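Dear colleague,

I am passing on the structure we spoke of, with the sequence alongside.

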Amino acid sequence: MRTCAQTLITLLEDYGVDTVFGIPGVHTVELYRGLEGAGLRHVTPRHEQGAGFMADGYARASGKPAACFIITGPGMTNIATAMGQALADSVPMLVISSVNRVATLGRGQGRLHEMPQQSATLAGVARFSHTLLDPEALPEVLARAFAIFQGARPGPVHIEIPIDLFDAPVSRAPGRPIRVFPPAPAPQAVHEAARWLDQAQRPLVLVGGGACSAAASVKALVERLGAPVLTTVNARGVLGSHHPLDLGTTASLAPVRHLARDADVVLALGTELGETDYDLVFNDGFALQGRVIRVDLDVEQLARNCSAELAMVADVGLAADALLGALSESAAPGRPSRSECAEQLRTAAELRAGAERCRAVRRDLALYEDPELKPYLPLFDILDDALPEAIIVGDSTGPVYAGNVIARRSAPRRWFNAATGFGTLGYGLPAALGAALAKPQLPVVALVGDGGLQFVLGELATARDLAQAPDASDKVQPLVLIIWNNDGYDEIRRYMSADGVAHIGVNLQPPSFAPLCDAFACRYISVNAPEALREALTTLDQAASPLVIEVDALAWQASLEQPATGC
């Protein structure tokens, strides 16, 4: 007869989970007994927050959830920040934790790792938190978690198991895993939305992270509409690197806000229309005055942030395909008949018209002339040239804020960071490790600041372990860690200066990263100008260890201000 722990491992494998992040503790020993001989890969971070960020990065890069095994009490408070980030960005993550024995729950006896109402505490950063009191109910609880991952707005799920139930017998066979197909849009809603879009003269499409698994369908729809597109940070790459209709994450800038206000029909696909994507200047200046059509898996989200005249609870890909098929078979007034040839001509004409609207906005934006963005332009040019297919994972730091506006990726799930939603620090390095495990065939770059990296320095050891893993199936390509060193919390310094606040608590002396890298067996290179960075990246494949590149931010900027020399 199987134990509860063994049943859990079998169910995880049946649901396609292949990676578990966790730090063993006395309360999870029996859970780890269940791992012995299983087909799950276990990765040990140096902190439970790192486990959560690694699972987050794994899920964003792969599109499927990873699991975390976490001890009672301090392990759960440590991972709570990572769960909050994943919840804000709709990232699937399964957190399995221990909790004290059934008979002691809620009694406040001072037991090891005891936390009053642990499940209630974690419910605020999870889609749901469940205390398993009957081992026979485990398949049902896991099915509920994967139903959310597969068919609803995803996010972290927490299941806690009392330590005396891990080795309890489970008589019932696990059964087949649940398969949930996401909802399709209502035909009446599709017909009405298609009619509005067909008649629109100035359409606009907003594309969020919910479109990452439907890139081909979304691209076909926006090209058929010939509509300018605003992509959120998490939707970067859905239209490819340099699509003529893609205006990127520029909704906080005046020319794009004018475009949005002028749009007569707006189609919002899989986006919560949140502040950190549409209002980074925090003045509530992003406004939509035309008819709004929203598509989202979360029915409650359809009523938040922006009131839609027409809303569909549906998967973005299914909705995009349905809309594409429903766009009018009859010509709108003044348009050619819809023979196949005429339709091709019409689509091409609309695409050209939409691209011209985007070119006009880009001219007004003049991003490449913006002095705030100037220091970071060479950084992203070099990354595009040296590592065009890389996954770039960012922390909350200056280059990442700039990259959210100017960086381009060839495919979705290759640009994500913590500078959205929850906005935590310490995300970049561990999330990049998760992405490297999910996509071992792709190079991965972690882009962090000196301040944020100090939250998670211990994960350099995890990076070393993964690069030097004896088992080839556990080994990943050497990670590139770029540290943008500006001696403290420069973004907060800027805000303080703008508000006339003294620089208190932000001028921090960073550690000497060279000996730290040596201690963690990571290669280290210091650079102070773009060409030095370009040269450093050419050494990536020269040794099986992480490559840490420290950029002296002040020297870098000074190098850009030097006058050009030569004939």
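This is a predicted model: local features need pLDDT of at least 70, side-chain atom pairs count only at pLDDT 80 or more; totals for chains, interfaces and linings use all residues.

Of the 567 residues, 56% count as buried, and the C-alpha atoms fill a box of roughly 75 × 65 × 50 Å when it is taken along the principal axes.

In secondary structure, the chain comes to 21 helices and 19 strands. Its radius of gyration is 25 Å, close to the 24 Å that the globule rule gives for 567 residues, so the chain is as compact as a globular protein of that length. Where contacts join residues at least 6 apart in sequence, 74% of them are between residues at least 24 apart.

One part that I looked at in detail is an open sheet of six strands, which pair in parallel and follow the order β3-β2-β4-β5-β7-β6. Because β3 (41–43) and β6 (128–131) stand at the edges with a single partner strand each, one side of each is left without a neighbour in the sheet. From one strand to the next, the twist averages 20°.

Within this sheet, β2 (residues 19–22) and β4 (residues 67–70) run parallel and are joined by three bridges; Val-20, for instance, has Ala-67 in β4 as its bridge partner. Helix α3 (residues 48–62) lies across β2, β3, β4 and β5 (93–99), and runs at about 155° to β2.

Note on methods:
Residues are numbered from 1 along each chain as its sequence is written. Side-chain values use heavy atoms; hydrogens and water are left out. Two strands pair if DSSP finds at least two bridges between them. Helices (H or I, at least four residues) and strands (E, at least two) are DSSP runs, numbered from the N terminus. Axes are lines fitted to C-alpha atoms, for helices over the stretch in contact, and angles run from 0 to 180 degrees between N-to-C directions. Contact means heavy atoms within 4.5 Å. The radius of gyration is taken over C-alpha atoms; the globule rule is 2.2 Å times the number of residues to the power 0.38. Buried means under 20% relative accessible area, exposed over 50%, partly exposed in between (1.4 Å probe, protein chains only).
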